[in-house]
Each structure stands twice: as C-alpha cells, then as structure tokens.
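Please open the model in your viewer and keep the sequence panel beside it. The tour below goes from one selection to the next and says what is found at each stop.

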Amino acid sequence: MPGSGFRRVSVLASIASALACVLPGYAQVSLKEGTYDWKTYDIAERADHGVTGQNLGKTVTRHFNTIVLENEYLKVTLLPEYGARILSIVYKPTGHEQLFQNPQGFADGIGAGSFYYNWLMVLGGIFPTFPEPEHGKTYLLPWKSEIVSNTAEKASVAMSLQDNIDFAGRPGKFNLGVTGLTCISTVTLEAGKASVEMKVQMKNDKAQSVRYEYWTCHALAPGSVPGDTKAPKSTEIVVPISLYSVGYGTDGIDKAVAGGKEYKNLAFFRNWKAEGIAYAEPAVTKKWWGVLNHDNEEGIFRIVDDPKQTPGLKFWTWGYRDSYPLPARERQFIELWAGAGHQFFSPIQIAANTVKTFAETYIPTAGLKAVSFANENALVSMQTDKAAYDGASDKNLTVSVDVVSATPGQPVRARLSGGVTGDRILLDTLITPDPKDASHIRMTRPLSAIGPGNQTVGLKLENAQGVSLLETGAAITVSNVVLSATPRAADRGPLYAVRAVPGMGWTVELPDAKPRTFGIYDLRSRLLFETTLSGATTYRIPGRAEDGWLGARIGEAGRSRWLPLRPARGN
C-alpha cells in the first residue's frame, strides 16, 4: 500500500458520461433466407440419381434455397438442399471468398466405377460425406435443416440426414450397405468472431456396431474474388506433418524417405503437374491445417477440437495449369479431406447406441505468410533468427511473431519468455489485432537475458480478463553466455494496485508519478476510455456496480500491464 506521501486525484466527473457516450453497441448476428443459382451441363439424371449421360452443348440452371449467417466479419452461406454444405465464407474485411464454387457443373466419371452413384458433379464448399468414401452417398441430396438459435449473439443451423439409401447401380467396392446412421452438421456463427464452427455428430441408434466412413470435404480457394474463385499458382497447403503416401499422380513430387515421401514440394500448388491424391502419414496429430494464398497473403484454416476424431488427411487437386477452359472438367482449387479413418476405403466402426461428436472451426487469415501454431482462438507464425546461438559470435536473440485473432479488435496481451526454466520475461506487450492484417511483433534481446542451455522461447497470449488464448514456443540452444544478474521481477515492470470503492468506482494506485497511459475496456474487451495519468500516484475512476467486470490497461516505456477492475458488489 502506498505511503501517506501519495496524493489522491479525482479524474474529472465528465469521464463517467464520456464512458456512456463511447460505449459501443454490441455487434449482432443476422440469419436470413437466400437463393443460389448454379449452372450445369444438361445431365440425364434419374430419380435414383443414376446418370446415363450429359449434353455439353446445353447449359441449365439449378435453383436452390440457402440460409445466410452474417456478423461484422463473416458472411456464411449454407446450402442444406445440396449436401448440407457451407457453400461460401466471405471475409468481409477484405471482401474475399475463401471457398471454391464451381462455375459450371460437369458430370464426371460416368460409368467409371469411381463414385457411389457411378458419377460425380463437384459444386464446392465444405460439407460432410458419409457413410461411404469418395463423396459418400449424401453430397447431392437435400438434408433436413433446423434453426437451432437465432439471436443477436449467435445463429446456429442444424442439417441432418439418416442413411437409408441403397442405390442398385453402385460399383461393387461401395459395400457398406444401408447403415442407418444419422449425421448432424450444426453450423454456428457468433457475434464478434471472425470464425465459424461446424459441429459434426455421427449417431448410431442400432443395438450393434456399424462400419462406416466419414470425411469432411473442403474445396478451398482463399483470397478469391467472389464469383471467380480459384487458387493461384502461389497457393501453399500448410499442414504440420513431415510425411505422406502417394495415392496416384503425386509420386514424383518429393523424395522418398523412411515411412513415405518427404512433405515439402507437395505443399505448393505449382508443383502439382497433374491430377493426384496423397495421404498424410501416419496421421494428423495436430489440431490444425489450412491453405495460404501468397498472392495476397490470405488464407483459410481448419481447427478441430479433437484431432483423434479426424486423423486422416487426403490431398487432391486437378493439378496446376495456366488455364482451365470450359467445358473441360478441371478446375483451379485445393481439395482437402479430414477423415475419421486413415484413407478412403478403410472403414472404421461406431459402437452400438453411440454418438461421436467433434467440432471444426474455420478461421480466415489476412497478413500471415506462414503458420506455426493455431487453435480456435488465434493463429501465429513464430520464428527465431537462429536455432542455435554461440555467445562467442552471437550477441542477441531476435524473435518474430505474427498473430491473427479469431476476435479482431479485442486487445490481446502477448508475453515472450525464455531461460532454461522459462522464467525470464523478455517482452510483455499489448496488441490490438487488425482484421485486415496480422499483428507483427519483433523483439531483440541480449543472449545474457536468457542464459545458456537448451530452452524454449515461449509465447503466451491472453485476453483482457487474463484468460489464456494460446501458448506455444520455439526451441533454441544457447552456449558460451553468462546469465545476466538482472532481477527477474524487474523484467516484469512496476507493480500496480486496483481497489474497488463501494458506490464510487475504483482507485488505481501507482508506484510513482511518471506519465502512463490508462485505458478501460468493457466486458467484450472493447476500449471505452483512454487517458494519460501524470503527476500523481493515485487516481479514482468513476463507475457503477452494474458495469460488471472490466479490464484496465496501464502502459509505460513500451510495455503494458493488464489489471482486472472488479465492481464494488464483488467485494
């Protein structure tokens, strides 16, 4: 507690009314009906969905009803009537489409035995496929849709279908039969979030286990102009794996190593010279993967809550070429599949009377050139200038961090730490993520600040309430360096105190009278008020108990500190 020499200064009473004036209205989610028209060639499709041919000289238009979810960052279009797909994700800060939509439907593989209905027509988007592989039985069927939630804070739509399908003309390799399984895909968009969630439930109501396959198909073309979706030559498939196996057409892209092919050149669309398939080996163990468009540094990433539920990853493209003229079937996009099994035609089992559930979150990115770690809260690219440092020739450590948040505009505390025990605080700063660009952090510190040894430069992101958003790190080795004797507490900056004053607000106590910036944030981490504190050590901030929990930021000399501001009723 400060001594009697500390002065008490009241912040002007007008601040209270100023806070009320600048309090932003909450962003809202809207849900509305829409329509989608799709041009296809004239296809001779029977009632059981078998096809006998198509007329490439005639184009027809198919009409569909859609459901559109929209908040301040995303416009998400759902198409329950054709495979329960997320047809479109437009990232509003850039105005660009993230998913591929086929401009002209083409009936591919008629009679070739490759697909359940013995043909396939690609529309695009993100959609569930089951219970057979290779687009399954249900990609072209209407699913039942139900609005689960429609409030200003959240909109959710559930799309469901039970497999009772038995197509007589199916090729023999599609042999799992009528499974009776029900798939439920629930798409949710929340206010203030630049992410959309698709929760998948596979439901077995039978008294015995059932063999099946489940894959989520992703047709991706991030950073595209709406209505002209395509993946450019610079597109990178960013996946945290080291090996893959060849399905077909991808054998000569990378060198063979123990366990498969080295995942290196396959990651770049320009190296796909022809149509091909590859599979991640032995499985995907991380929660994330995605695609980056390096023409404009935009991307789309998938984050799953439990990677054990979808360990499979299938890569497929038509191959890159300079042009894709109509009526040719080839199109310019990346198709990635997240599977409950390892590869196509490798079914798994669901136990009797069981529901399997997992959630996939999709986050568009802008300004990220690489990704080293991601979760449902944020994506980061973190690099050190070296992996090994020798104090005889190296003096400093430089760390570069780029951050994209799923809640742009809401302040994030970023902390970098080092040392063998991880207790050397290297940087403690505040960033406010920009929805149009990644937040870029660059830090250089002397090697003496972290000392010698094998260690990890750690990164931790927190929100205004101190809740951890993301933790990751980069492993380094440091030799021939003497650890600085600087007290660790000094690295953390001066101590502050915030106390509630019943009926009056809060008192902020500082260790000295040096100038500092001071900001107050609401429950959604939005800045309500910011000022400069100077010439005093104690300040009183007006407020009411009903204001709820707030966050305060105090900044000085290039560093920021977060403090909770608790209302009087909590004391």
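In which sense do strand β15 and β18 pair, and over how many bridges? Select strand β15 (residues 243-248) together with β18, and you have two strands that pair in the antiparallel sense over five bridges. This is a predicted model, in which local features need pLDDT of at least 70 and side-chain atom pairs count only at pLDDT 80 or more, whereas totals for chains, interfaces and linings use all residues. Residues are numbered from 1 along each chain as its sequence is written, and side-chain values use heavy atoms, with hydrogens and water left out. Strands here are DSSP runs (E, at least two residues; helices are H or I, at least four), numbered from the N terminus, and two of them pair if DSSP finds at least two bridges between them.

**Two buried polar side chains**

Next select Glu360, whose place is in strand β24 (residues 354-366). At 0% relative accessibility Glu360 counts as buried, and its side chain is joined to that of Thr216 by a polar contact of 3.2 Å. Such a contact is a pair of N or O atoms within 3.5 Å; within protein, one must be able to donate a hydrogen and the other to accept it, and residues adjacent in sequence count only if both atoms are side-chain atoms. Leaving aside neighbours within four places in sequence, the residues in contact with Glu360 (heavy atoms within 4.5 Å) include Glu197, His218 and Arg302.

Move on to Gln104, found in the loop between β6 and β7 and buried with a relative accessible area of 7%. The side chain of Gln104 makes a polar contact of 3.1 Å with the side chain of Thr59. Leaving aside neighbours within four places in sequence, Gln104 is also in contact with other residues, among them Trp38, Tyr41 and Arg331.

**An aromatic cluster**

Now select Tyr116, Tyr117, Phe167, Phe174 and Phe345, which form one aromatic cluster. Rings of Phe, Tyr and Trp (its six-membered ring) pair if their centres lie within 6.5 Å, with planes under 30 degrees apart counted as stacked, over 60 as edge-to-face and the rest as tilted. The structure holds 21 aromatic pairs. Tyr116 and Phe174 form an edge-to-face pair, 6.1 Å centre to centre with 85° between the planes. This pair links distant parts of the chain, since Tyr116 is in the loop between β6 (96-99) and β7 (125-129) and Phe174 is in the loop between β9 (154-162) and β10 (182-190), 58 residues apart. Tyr116 counts as buried at 2% relative accessibility, and Phe174 counts as buried at 1%. The rings of Tyr117 and Phe167 have their centres 5.2 Å apart and their planes at 50°, so that pair is tilted.

**The five-stranded sheet**

For the last stop, colour the open sheet of five strands in the order β27-β33-β32-β29-β30, which has mixed pairing. At the edges stand β27 (388-390) and β30 (424-431), each with a single partner strand, so one side of each is left without a neighbour in the sheet. Inside the sheet, strand β32 (residues 453-462) and strand β33 (residues 468-479) run antiparallel and are joined by ten bridges. Here Leu459 stands opposite Thr472 in β33, and Lys460 has Glu471 as its bridge partner. The hairpin of these two strands has five residues between them, where Gly466 takes a positive phi near 80°. Finally, strand β29 (residues 412-418) runs antiparallel to β32 and is joined to it by five bridges, with Glu462 in β32 as the bridge partner of Arg413.

Notes
Buried means under 20% relative accessible area, exposed over 50%, partly exposed in between (1.4 Å probe, protein chains only).
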